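Please keep the structure at hand while reading.

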Amino acid sequence: MSENKITTQILALRPGKREMGIAALEGQDLVFWGAAGFRGHRQELLEVVERRVQGLVRTYQPEVIAIEQPSQLRLAASWSLPGIINCLSAVAEKNGLQFRVYDRWVIREKLFGLAWANRRELADRMVKLYPHLARYRNCSSRWQESYWLAMFMAVAVGVVCERDGN
């Protein structure tokens, strides 16, 4: 008798004030990854984020939207980040999806067994799980590295969410 495991569709996001890391998983399979840059005034920015995430929901039909909870420092330093998180929560609610928030230290603990791992170490761990992401790991500038580290964090959020199950 074979055991049937339910495959969870996950849209994992790492929201930021300038860019958002994105990963879509079907079970353990990473089916989409990337980062989206955002610019604009508050209301315009929130509309752009909402349209982008609604498009991802239509395309990948997730059951869960999972995000990394930004640190209090990041929240305090950004006028837009709290609004973006509220927007993501509203998109999940509007579409009848679960909305899960993961603390960055919990993510690192679950992936490494140690909460102190840095973002570069986390990216290296994601490359071990998904070798096709290696091309995004070696960047020629700090700006590129920061941009792609958001994507690696989204992938990590998705992996932790998938491992947590329903």
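This is a predicted model: local features need pLDDT of at least 70, side-chain atom pairs count only at pLDDT 80 or more; totals for chains, interfaces and linings use all residues.

Residues are numbered from 1 along each chain as its sequence is written, and side-chain values use heavy atoms, with hydrogens and water left out. Helices (H or I, at least four residues) are DSSP runs numbered from the N terminus.

**α5 with α6**
- Helix α5 (residues 119-129) packs on α6 at an angle of about 60°, and their axes lie 9 Å apart (axes are lines fitted to C-alpha atoms over the stretch in contact, and angles run from 0 to 180 degrees between N-to-C directions).
- That angle makes α5 oblique to α6 (under 35 degrees counts as roughly parallel, over 145 as roughly antiparallel, 65 to 115 as roughly perpendicular and the rest as oblique).
- The two helices, α5 and α6, cross in a left-handed sense (the near helix is turned anticlockwise from the far one by less than a right angle).
- From α5, R119, R120, L122, A123, M126, V127 and L129 meet R142, E145, L149, F152, M153, V155, A156, V159 and R163 of α6 (contact means heavy atoms within 4.5 Å).
- The residues of this contact of α5 with α6 comprise 11 nonpolar, no polar and 5 charged (Ala, Val, Leu, Ile, Met, Phe, Trp, Tyr, Cys and Pro count as nonpolar, Asp, Glu, Lys and Arg as charged, and the others, Gly among them, as polar).

**α4 with α6**
- Helix α4 (residues 104-112) and α6 pack at about 70°, with 10 Å between their axes.
- This makes α4 roughly perpendicular to α6.
- The crossing of α4 and α6 is left-handed.
- R104, I107, R108, K110 and L111 of α4 touch M153, A156, V157, V159, V160, R163 and D164 of α6.
- By class, the contact of α4 with α6 has 7 nonpolar, no polar and 5 charged residues.

**α4 with α5**
- The angle between α4 and α5 is about 45°, and their axes are 11 Å apart.
- This makes α4 oblique to α5.
- α4 passes α5 in a left-handed crossing.
- I107, R108, L111 and F112 in α4 meet R119, E121, L122, R125 and M126 in α5.
- The contact of α4 with α5 divides into 5 nonpolar, no polar and 4 charged residues.

**Largest pocket**
- The largest pocket holds about 280 Å³ of space (on a 1 Å grid over the protein atoms alone, a pocket is an open set of points where a 1.4 Å probe fits, with protein on both sides within 12 Å along at least five of seven lines; lining residues have an atom within 4 Å of a point).
- It is lined by 13 residues, of which R14, K17, R18, E19 and S146 are the closest to its centre.
- Two or more lining residues come from each of α2 (72-77) and α6 (142-164).
- α6 gives the most to this lining, with 3 residues.
- The lining of the largest pocket has 4 nonpolar, 3 polar and 6 charged residues.

Technical notes. Grid points are joined across faces, edges and corners, and a volume is the space filled by probe spheres set on the points.
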